[in-house]
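Me: Here is the model I would like to go through with you, please.

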Amino acid sequence: MTAPLPASVAILGAGSYIGAAIARRFAQEGYAVHLGRRNGDELAPLLDEIRAAGGRATGRSLDARQPEDVTAFLEEADAAAPLDLCLFNVGGNVRFPLTATTDRVFRKVWEMGCFAGFVAAREAARIMVPRGRGSIFLTGATASLRGGSGFSAFAAAKFGLRAVAQSAARELGPQGIHVAHLVIDAGVDTRFVRDRIAAAEGPQALETLAPDRLMNPASIAETYLQLHRQPRDAWTFETELRPYAEKW
């Protein structure tokens with residue numbers, strides 16, 4: 001099945017797991033995907049994979065903290081095909097004790113996790129509002145809902161991003177723009193998470209890892225697609241994703 005009209009999806013923070021899975025899934029549906037991440041060269045294998053499967057994909061390096069870069073990135077996506085979805089998926093998860101969190105770290109994490117999301121939503125809205133349609137999705141985390149020990153910088157950024165999403169949804173919804181905030185409230189099946197489990201519980205923990213304890217990026221991508229397809233008389237603003245076994 002293809003998109004009903006030629007349309008593009010712009011993913012800011014197209015990492016190797018969640019962002020990549022979302023790119024694959026939307027490309028399968030006929031969308032042109034435009035991908036941005038800090039090290040754009042690392043997108044090459046994903047772009048080749050999508051193109052080899054018959055999809056349309058472009059990508060480049062992107063500093064989501066720079067408004068001019070974000071504007072250009074979204075305009076590039078819109079020039080290829082009308083921008084239908086802007087997805088902000090930038091991370092910035094760091095853990096430091098409060099007294100070890102420097103001013104520089106706090107500002108950088110806030111810029112990555114909150115300010116950059118605000119800029120992405122603002123610039124996407126400038127493109128979408130005149131058309132009266134489109135989706136803006138902002139990826140949150142457990143820290144969007146509650147702070148944790150060692151996560152003062154990350155939680156502040158994610159709390160702020162949630163506030164941006166709420167404000168944008170209330171403002172842009174009546175103008176035909178679907179703004180949603182997705183809380184990824186669990187460990188995602190990535191090398192980083194598996195390394196953390198091994199460090200905390202020992203290498204044997206990976207051998208006895210319960211099925212579906214970690215979130216499959218492909219499953220997350222399916223939720224984003226379903227959310228984008230919602231009719232506007234039943235839009236979801238916020239949804240929380242977690243495996244069946246996750247404590248919350």
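Me: Let me start with arginine 126: is it buried or exposed?
Reply: Arginine 126 counts as exposed, because its relative accessibility is 55% and exposed means over 50% relative accessible area, while buried means under 20% and partly exposed is in between (1.4 Å probe, protein chains only). Please keep in mind that this is a predicted model, in which local features need pLDDT of at least 70 and side-chain atom pairs count only at pLDDT 80 or more, whereas totals for chains, interfaces and linings use all residues. Residues are numbered from 1 along each chain as its sequence is written, and side-chain values use heavy atoms, with hydrogens and water left out.

Me: Which residue does arginine 126 form a salt bridge with?
Reply: The partner is glutamate 123, and the closest N and O atoms of the two are 2.7 Å apart; a salt bridge here is a side-chain nitrogen of Lys or Arg within 4 Å of a carboxyl oxygen of Asp or Glu. Both residues lie in helix H4 (residues 103-128), three residues apart, which is about one turn of the helix. Helices (H or I, at least four residues) and strands (E, at least two) are DSSP runs, numbered from the N terminus. In contrast to arginine 126, which is exposed, glutamate 123 counts as buried at 6% relative accessibility.

Me: How many salt bridges are there in the whole structure?
Reply: A search of the whole structure finds 18 salt bridges. One of them joins the side chains of glutamate 29 and arginine 229, at 2.5 Å from N to O. Glutamate 29 sits in the loop between helix H1 (18-28) and S2, and arginine 229 in the loop between helix H8 (217-228) and S7, so this pair ties together parts that are 200 residues apart in sequence. Glutamate 29 is buried, with a relative accessible area of 8%, and arginine 229 is partly exposed, with 39%.

Me: Which residues are linked with those two in a network?
Reply: The network of salt bridges links Arg25, Glu29, Glu222 and Arg229.

Me: OK, changing topic: in what order do the strands of the sheet come?
Reply: Seven strands form an open sheet in the order S3-S2-S1-S4-S5-S6-S7, and the pairing is parallel; two strands pair if DSSP finds at least two bridges between them. Strand S3 (56-61) and strand S7 (238-241) are at the edges with a single partner strand each, so one side of each has no neighbour in the sheet. From one strand to the next, the twist averages 15 degrees, where axes are lines fitted to C-alpha atoms, for helices over the stretch in contact, and angles between N-to-C directions run from 0 to 180 degrees.

Me: What can you tell me about S2?
Reply: Six of the six residues of S2 are buried, with Ala32, His34 and Gly36 on one side and Val33, Leu35 and Arg37 on the other. The chain crosses from S1 through H1 to S2 in a right-handed β-α-β crossover, which means that, with the strands pointing away from the viewer, the path from the first strand over the helix to the second runs clockwise.

Me: How many residues does the largest nonpolar core have?
Reply: It has 34 residues, and Phe26, Leu35 and Tyr224 have the most contacts inside it. A nonpolar core is a set of buried Ala, Val, Leu, Ile, Met, Phe, Trp, Tyr and Cys residues joined through side-chain atoms within 4.5 Å. The largest share, seven residues, comes from H1. Apart from this core lies another one of 30 residues, among them Leu62, Val119, Leu138 and Val179.

Me: And what does tyrosine 224 touch?
Reply: Not counting residues up to four places away in sequence, tyrosine 224 touches Ile22, Phe26, Leu87, Asn89, Phe137, Thr139, Leu182 and Ile184, with contact meaning heavy atoms within 4.5 Å.
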